[in-house]
Amino acid sequence: DKGRQNTEIMLAPVLNNLTPQNSSLTQAAGFPGIPAGLHHVKYAAVQEWNRFDAKKREYRYIFSTKPLTPFNQNYLGYYATVEKEKILETLNLFKGVHDFEYFSKKGSNPKSTVREIYDLQFYQYKDLYVLRFIGNSFLRSQVRMMVEGIMKVSSGKLHPKDIEQQITKKRLHTWTLASANGLYLSKISYT
């Protein structure tokens, strides 16, 4: 594109500017230009980082069943109960190509509300639980609305058939959002 500039940035100077003056990464490595622990420092075209060019996005929602503390309340979601079998059953309903209009917040007016979910996982890491979503793209608040629906099934407030009806746009059963605390964009793939 004519409007795009192929601006290049170098990783080492950027990293060095973020560290204290007396602990330069290049000095720690023993030679200029390559920070310690980095094997490949190369130039990257800024245009490669365009969010609209991404092919896959991965979100993780991390939550606890233990009451949150002042130290973790800004970083985790909270749900009192976890029923693993119900969560896994509900997760499988989202996989594939679906119209997620009933799992999105209004106001962003996307060209299409059809999205593809490639993979979903649920696992426990120490005393935390993680819901992992991989898809081509996500609508506004889609992941948070999916998490809330999944956790309502886990707690017995909804049935997996309710979520299936909502995915197929037959009936809207839940429109509330999971807390934003705990949601992380963990990976973007451009290939």
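Predicted model: local features only at pLDDT ≥ 70, side-chain atom pairs only at ≥ 80, totals over all residues.
Residues are numbered from 1 along each chain as its sequence is written. Local features need pLDDT of at least 70 and side-chain atom pairs count only at pLDDT 80 or more, while totals for chains, interfaces and linings use all residues; side-chain values use heavy atoms, without hydrogens and water.

**Exercise 1. The core**

Task: Find which residues of the largest nonpolar core touch the most other members, and which helix gives the most to this core.

Solution: 
- Start with the term: a nonpolar core is a set of buried Ala, Val, Leu, Ile, Met, Phe, Trp, Tyr and Cys residues joined through side-chain atoms within 4.5 Å. Buried means under 20% relative accessible area, exposed over 50%, and partly exposed in between (1.4 Å probe, protein chains only).
- The largest such core has 27 residues, and Phe94, Leu131, Phe133 and Val147 touch the most other members.
- At least two residues of this core come from each of β3 (56-64), α3 (84-94), β6 (114-125), β7 (128-135), α4 (142-154) and α5 (160-167). These elements are DSSP runs, with helices (H or I) of at least four residues and strands (E) of at least two, numbered from the N terminus.
- With 7 residues, α4 gives the most to this core.
- Take Val147 as an example: beyond its neighbours within four places in sequence, Val147 is in contact with Tyr61, Tyr79, Leu131, Phe133 and Ala178. Contact means heavy atoms within 4.5 Å.

**Exercise 2. Aromatic pairs**

Task: Decide why the pair of Phe63 and Tyr79 is edge-to-face.

Solution: 
- Recall the rule: rings of Phe, Tyr and Trp (its six-membered ring) pair if their centres lie within 6.5 Å, and planes under 30 degrees apart count as stacked, over 60 as edge-to-face and the rest as tilted.
- The whole structure holds 8 aromatic pairs. One of them is edge-to-face, Tyr59 with Phe138, at 5.3 Å centre to centre and 90° between the planes.
- Tyr59 is in strand β3 and Phe138 in the loop between β7 and α4, 79 residues apart.
- For Phe63 and Tyr79, the centres are 5.5 Å apart and the planes lie at 85°, so this pair is edge-to-face.
- Phe63 is buried at 0% relative accessibility, and Tyr79 is buried with a relative accessible area of 13%.
- Both rings belong to one aromatic cluster, formed by Tyr61, Phe63, Tyr79, Phe122 and Tyr129.

**Exercise 3. Ser104**

Task: State whether Ser104 is buried or exposed, and which backbone oxygen its side chain reaches.

Solution: 
- Locate Ser104 in the loop between β5 (96-99) and β6.
- Its relative accessible area is 11%, so Ser104 is buried.
- The Ser104 side chain reaches the backbone oxygen of Glu101 at 3.1 Å.
- Not counting residues up to four places away in sequence, Ser104 touches Leu139, Arg140 and Met145.

Methods: Polar contact = N/O pair within 3.5 Å; in protein donor to acceptor, adjacent residues only side chain to side chain.
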